[in-house]
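Welcome! Please take a moment with the sequence and the structure below, and then let us walk through them together.

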Amino acid sequence: MVISSVGPPRPGPEPTLFDAVGGAAFFERLVEEFYVRVEADSVLLGLYPEPEDLGPARDRLCLFLIQYFGGPTTYSDQRGHPRLRMRHHPYVITDDGRDRWLAAMLESVVVLDPDPAIAEALRQYFVMAADAMVNSR
Ligand code: HEM
């Protein structure tokens with residue numbers, strides 16, 4: 001018998017938020033809801049370089065969130081290091097833009113109705129990150 005196989009199981013890695021929500025489908029639904037709201041907000045929509053085709057933007061946001069919350073790293077495999085602030089420099093993001101973006105995203109979280117602890121973790125991240133994206137005051 002191999003001695004090292006005896007004894008209590010080693011603790012595995014911490015489950016990620018990606019695992020806790022059941023994987024990619026949650027984020028796909030989240031960004032779907034989010035972009036429905038972007039399309040309905042002419043100020044937000046006006047920031048997008050291709051407002052008539054939000055599909056690629058939706059895919060990039062989805063892959064980024066999957067990666068950020070512990071899922072596959074497809075975003076960086078395709079796009080490189082996130083450098084989110086730098087990638088937002090081409091767009092004028094004011095406090096008003098942040099508030100609109102956040103409202104659309106937090107409403108989408110509410111629609112998906114995850115466990116309260118998950119909803120709170122998402123909220124905290126989105127508030128912090130959206131604030132960091134403001135580049136015009
Ligand atoms: C939690 C905050 C945010 C996150 C995580 C986020 C994430 C992203 C990601 C991953 C991309 C694609 C980057 C790329 O690979 O090129 C992106 C693009 C973009 N974001 Fe954000 N963003 C945030 C906040 C905002 C805010 C506050 C605004 C404006 C009010 C905004 C407007 C845009 C625009 C206009 C694009 C370009 C769309 C495109 O990719 O074609 N973002 N964002």
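## A buried arginine

Arg 98 counts as buried because its relative accessibility is 16%, where buried means under 20% relative accessible area, exposed over 50% and partly exposed in between (1.4 Å probe, protein chains only). Arg 98 is found in helix α7; helices (H or I, at least four residues) and strands (E, at least two) are DSSP runs, numbered from the N terminus. Leaving aside residues up to four places away in sequence, Arg 98 touches Ile 93, Ala 130, Asp 131, Val 134 and Arg 137, a contact being heavy atoms within 4.5 Å.

A word on the model: it is predicted, so local features need pLDDT of at least 70 and side-chain atom pairs count only at pLDDT 80 or more, while totals for chains, interfaces and linings use all residues. Residues are numbered from 1 along each chain as its sequence is written, and side-chain values use heavy atoms, with hydrogens and water left out.

## The overall build

The protein has eight helices and zero strands. Its radius of gyration, taken over C-alpha atoms, is 18 Å, whereas a compact globule of 137 residues would be near 14 Å; that globule rule is 2.2 Å times the number of residues to the power 0.38. Along the principal axes, the C-alpha atoms fill a box of roughly 65 × 30 × 30 Å.

Of the 137 residues, 34% are buried. Among contacts between residues at least 6 apart in sequence, 67% join residues at least 24 apart.

## The iron site

Which protein residue is a donor to the iron atom of the ligand? The single donor from the protein is His 88, through NE2, 2.0 Å away. Donors here are N, O and S atoms within 2.8 Å of the metal (3.2 Å for Na, K and Ca); water is not among the atoms, so sites may look incomplete. His 88 is found in helix α6, residues 84-88.

## The largest pocket

His 88 turns up again here: with Tyr 35, Tyr 48, Tyr 91 and Trp 101, it lies nearest the centre of the largest pocket, which is lined by 29 residues. The elements giving two or more residues to this lining are α3 (42-47), α4 (55-68), α5 (74-79), α6, α7 (95-112) and α8 (116-132). Helix α4 gives the most, with six residues.

On a 1 Å grid over the protein atoms alone, a pocket is an open set of points where a 1.4 Å probe fits, with protein on both sides within 12 Å along at least five of seven lines; lining residues have an atom within 4 Å of a point.
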